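The sequence and structure come before the notes.

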Amino acid sequence: MMKIKRRSDIVVVIAAYLWCAWPGSASVLGTRGGDGVAGPNIVVIMADDLGYGDTSAYGGWVETPHLERMAAEGLTFTDFHTNSSVCSPTRAGFMTGRYQQRVGIVDVVARHLDTPGLDPSETTISRLMNQAGYRTALFGKWHLGMEPRFNPVHHGFDEFRGYLDGYIDYHKHGSTWHNGLKKEDQPGYSTHVITNNAVRFIQQNRARPFFLLVAHEAVHLPFQTPDDTPEKRKPISKSELWNRERIRPKYRIMLEEMDRGIGQIMDAIQRTEIDSRTLVFFLSDNGAIGAGSNVPFRGGKFSHYEGGHRVPAIARWPGKIAAGTTSSQLAVAMDLLPTFAELAGVDVPAERSLDGVSLRGLLLNGDELPKRQVFFGYEPKLGTALRDQNWKMILSSKKFELYDLDNDEAEQTNLVEKYPERAQAMRTKIEHWKEETQWAGVEAQK
Ligand SMILES: [Ca+2]
């Protein structure tokens, strides 16, 4: 793995520069204790079900020139993980900076499960940024509660245009597309609609700090391209639904469309001359399924193997994050809340202990992160996995597996019998963690 280049930026200089860079900052933005907003704009672009081995930015099979450009201008992570291998728990971890078990989102939010949504009393990144004076918006997928009480506008988003479910028809979404709390369609191919909203929002808010979450539908099923309009579609038999040969060409186009949109977002940031004060962070929410690729890892969506939760992740902030660099440090999506909060100078309320750690020093200076253990829980369906440096354990009612990722990134050789003491120690840590993070209701969470 390439080592990240070190930079000599001095934080004070950056802060001073940013302060000066905001047009009329003190008078317009003096919302945080009277001293204004000194942090950068934050744009998070989250793909849905995109695998580690899908994009050309990661050596994958689909040409993604705009993600490649982003990587060339920023930092590419090779050991970045989402909190889960499925949508809702990952998003709960990202939004709160905590293990999703602590906020009751242990499974996919669905009408038939008892995980109704993310309670508005939780501290979310959108609320923190909003309270700090940032204009906030979510375009695209929410999937943290379908009832009105869980709507993104109750989580500190000034603007929400998108859908509450796990997925929608890419073309025909009139019955599900929201503008805040009310249903209001924006006709078009969902990937294009989401991108257009993001570009418009950036243009409108160029003179004030903003936090923008671009939560793409791509490349989640249903596998529909811009040409697959309801009028042009042919009926698909059940046996054809997951046919790899049928899906692959569509998947490629869907990813290319999202990549083009990412290019448009970066262009909008450059055109409005806010490049030097805008951090863009791209990631997927979990590994690929079906036609996608998680190469070189084992497993995919809904799996505790690396292919389930090790995802592509790229950070770009011209002049602040060294261009064309790579980091092999272990980082997790729940680290983004503390990272953005620190960059924005926002204090996280003390009553919420975070599980994520700030990546600010890593992003700006290539600093080493503290050594830590990271847990991936999905009880009871998949059990719980534990990552401790190069060691990885998967523990469930059916699995007791230990892997050395430094020498076996594809998790082929179970080392439990070779290292019984290490295996037992990690098992004990998982059991303790499960007890510690057990969901006990909204009121009990500290
Ligand atoms: Ca997903």
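Helix α11 (residues 420–436) lies across β13, β14 (383–388), β15 and β16, and runs at about 60° to β15. Axes are lines fitted to C-alpha atoms, for helices over the stretch in contact, and angles run from 0 to 180 degrees between N-to-C directions. Contact between two residues requires C-beta atoms, placed from the backbone, within 7 Å. Helices (H or I, at least four residues) and strands (E, at least two) are DSSP runs, numbered from the N terminus.

This is a predicted model: local features need pLDDT of at least 70, side-chain atom pairs count only at pLDDT 80 or more, and totals for chains, interfaces and linings use all residues. Residues are numbered from 1 along each chain as its sequence is written.

**The four-stranded sheet**

- The strands under α11 belong to an open sheet of four strands in the order β13-β14-β15-β16, with antiparallel pairing; two strands pair if DSSP finds at least two bridges between them.
- Its edge strands are β13 (373–378) and β16 (400–404), each pairing on one side only.
- From one strand to the next, the twist averages 15°.
- Five bridges join β15 (residues 391–395) and β16 in the antiparallel sense, and tryptophan 391 has aspartate 404 in β16 as its bridge partner.

**The ten-stranded sheet**

- Another open sheet is formed by 10 strands, in the order β7-β6-β5-β4-β8-β1-β9-β10-β2-β11, and its pairing is mixed.
- At the edges stand β7 (182–183) and β11 (325–327), each with a single partner strand, so one side of each has no neighbour in the sheet.
- Strand β4 (residues 135–141) pairs with β5 in the parallel sense over five bridges; the bridge partner of leucine 138 is phenylalanine 160 in β5.
- Strand β5 (residues 159–163) pairs with β6 (residues 178–179) in the antiparallel sense over two bridges, where glycine 162 stands opposite histidine 178 in β6.
- Four of the five residues of β5 are buried, so β5 is largely enclosed by the rest of the structure. A residue is buried if 20 or more other C-beta atoms, placed from the backbone, lie within 10 Å of its own.

**Helices α7 and α3**

- Helix α7 lies across β1 (41–47), β8 (210–215) and β9, running at about 175° to β1.
- The buried residues of α3 (residues 65–72) are His66, Leu67, Met70 and Ala71. They cover an arc of only 145° around the axis, given by the directions from the helix axis to the C-beta atoms, and therefore lie on the same side of α3.
- These buried residues pack against β2 (75–77), α7 (244–271), β9 (278–284) and β10 (313–316).

- Not counting residues up to four places away in sequence, isoleucine 265 touches Val43, Ile45, Thr195, Ala198, Val199 and Val214.

**Glutamate 122**

- Glutamate 122 lies in the loop between α4 (87–96) and α5 (125–131), and is buried because 20 other C-beta atoms lie within 10 Å.
- Leaving aside neighbours within four places in sequence, glutamate 122 is in contact with Thr96 and Val103.
- The C-alpha atoms of glutamate 122 and arginine 352 are separated by 8.7 Å, although these residues are 230 residues apart along the chain.

Definitions and conventions
A residue is buried if 20 or more other C-beta atoms lie within 10 Å of its own, exposed if 12 or fewer, and partly exposed in between; C-beta atoms are placed from the backbone.
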